[in-house]
Amino acid sequence: MRGLEVRYFAPPGSSVHDSGYDPTVARNLVLLAIALSACGRTELEALATRDTQADSSVNSGSNTGQCNGTWGFATQHLYSAGNRPTSVAVGDFNRDGSNDLAIVNMFDGAVGVYFNKGAGAFSSVSYNCAAPVALAVGDFNRDGFADLAVVNTAGTNSVGVMFNQKNGTFAPEMQYATGTYPSAVAVGDFNGDGAPDLAVTSQNDYAVSVHLNKGDGSFLARATYGAGWALSSVAAADFNTDGFIDLAVASGSNSVEILLNGTDGTFGHYVTYATGNSPESIAVGDWNGDGRSDLAVADYLGGSVSVLQNAGDGTFEPRVSYSSGAAPTSVTVGDWNADGYLDVAVTSSGSNNVGVLFNDGSGRFGAQATYATDAGPLSVATSDFNGDGYPDLAVANGDDATVSILFAQCQ
């Protein structure tokens, strides 16, 4: 249960941890404090913003792409969030051509939808939810508008689907039972019918719940597949290139578990690959350009990112470890120096920064370049928010109740 208890409440390096933090007690207090109400829209609010100078550390390696200087994130723009933002996802919810944000505000029992007003400025609408901890985006009813899947923990133990009303507003969630203490959700078309399905990790059940889409945005009851213990993250990709989406799950046994799709939306027994200490988040990308999906894993207690290269058949080479900041919580993927190779960004909640590991083109990564965030960054997502063609970063800062937008720049 460590993934949910520590990642979302008091990571090492925080003042609570230093003063004798007990994750079990903290979890129980928080779960009691969350109001279990149906999802519904609340008031529209404008977000205050301020600019702060970010860390000046940038990567000055040879891969500068079209940039004659160095790549980095010169400033962070801070927006107010709700209480304890824990998860951030990207989607163009009102179809205006600019990507928006959806953020779980855990202690408020709410999801905030942050509309991009152009040039990376945002305003928000908040929706009360059961007991949200994580979310993902997908067009579940296939109407051309991005919907939300929200993981609810506490007494709810469900995944809630919130349909976009074709104008960027969302209907109350339709809940589907998961295992006990669900922690993360991934979206993928597991049975090849063209409708996005859901995979949800559960902390206490040692399992992944797979919910197949009926085709209209409603879902079948879960099918359960064993996948280690204390599951904290799940990612979906075709690892063995058979045309069907597989699963990668971060386990408290200091490993990532690979569940290959049986080509019909069912999954076989998991295969285990070692990671660093306490894997917390998984991202998928082709690091070495061989057309195969590789993995990057944030190792929370290891202070590192484990990179696992796909051997070409859905099995993985032993991990290569790269140092991150203290208590890394979330990883995402993007080409931040425009050299055609995917890089890795990782939030470190104990260091209050986001680090970028630049790919040298062979699937190896240099030392991270770090950029300041607010306190306790817990989740990171990437998109071009200001329309300049460069992928930017959005970071949910759990301790300061803010969202950092970091714009990529050639300096």
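These notebook entries record what I looked up in a predicted model.

**Entry 1: the salt bridge**

I searched for salt bridges and found that the structure holds one. D399 pairs with R84, and their closest N and O atoms are 2.5 Å apart. I then located both residues: D399 is in the loop between β29 (392–397) and β30 (402–410), while R84 is in the loop between β3 (71–80) and β4 (85–91), so the pair ties together parts that lie 315 residues apart in sequence. I also looked up their accessibility. D399 is partly exposed, with a relative accessibility of 39%, whereas R84 is buried at 4%.

**Entry 2: positive phi angles**

N157 has a phi of about 50 degrees and sits in the loop between β9 (147–152) and β10 (158–162). Its relative accessible area is 18%, and N157 counts as buried because the cut-off is under 20%. A327 has a phi of about 55 degrees. I found A327 in the loop between β23 (320–323) and β24 (328–334), buried at 5% relative accessibility.

**Entry 3: nonpolar cores**

I turned to the largest nonpolar core, which has 31 residues. Within this core, F93, L135, L148 and L198 touch the most other members. I listed the elements that give two or more residues to the core: β5 (100–105), β6 (110–116), β7 (122–128), β8 (132–138), β9, β10 and β13 (197–202). Another core, of 15 residues, lies apart from the largest one; A199, Y225, A227 and V249 are among its members.

Leaving aside residues up to four places away in sequence, the contacts of L198 include F140, A149, V159, V161 and V185. Also among the residues that L198 touches are S209, V210, H211 and F219.

**Entry 4: a sheet of four strands**

I traced an open sheet with the strand order β12-β13-β14-β15 and antiparallel pairing. β12 (182–188) and β15 (223–226) stand at the edges; each has a single partner strand, so one side of each is left without a neighbour in the sheet. Direction ignored, neighbouring strands of this sheet are turned against each other by 25 degrees on average.

β13 and β14 (residues 207–211) pair in the antiparallel sense over five bridges. For T201, I found V208 in β14 as the bridge partner.

Technical notes: Residues numbered from 1 in each chain as written. Predicted model: local features only at pLDDT ≥ 70, side-chain atom pairs only at ≥ 80, totals over all residues. Heavy atoms only, no water. Buried < 20%, exposed > 50% of the residue type's maximum accessible area, 1.4 Å probe, protein only. Salt bridge = Lys/Arg side-chain N within 4 Å of Asp/Glu carboxyl O. Core = buried A, V, L, I, M, F, W, Y, C linked by side-chain atoms within 4.5 Å. Contact = heavy atoms within 4.5 Å. Pairing = 2+ DSSP bridges. Axes fitted to C-alpha atoms, helices over the stretch in contact; angles between N-to-C directions.
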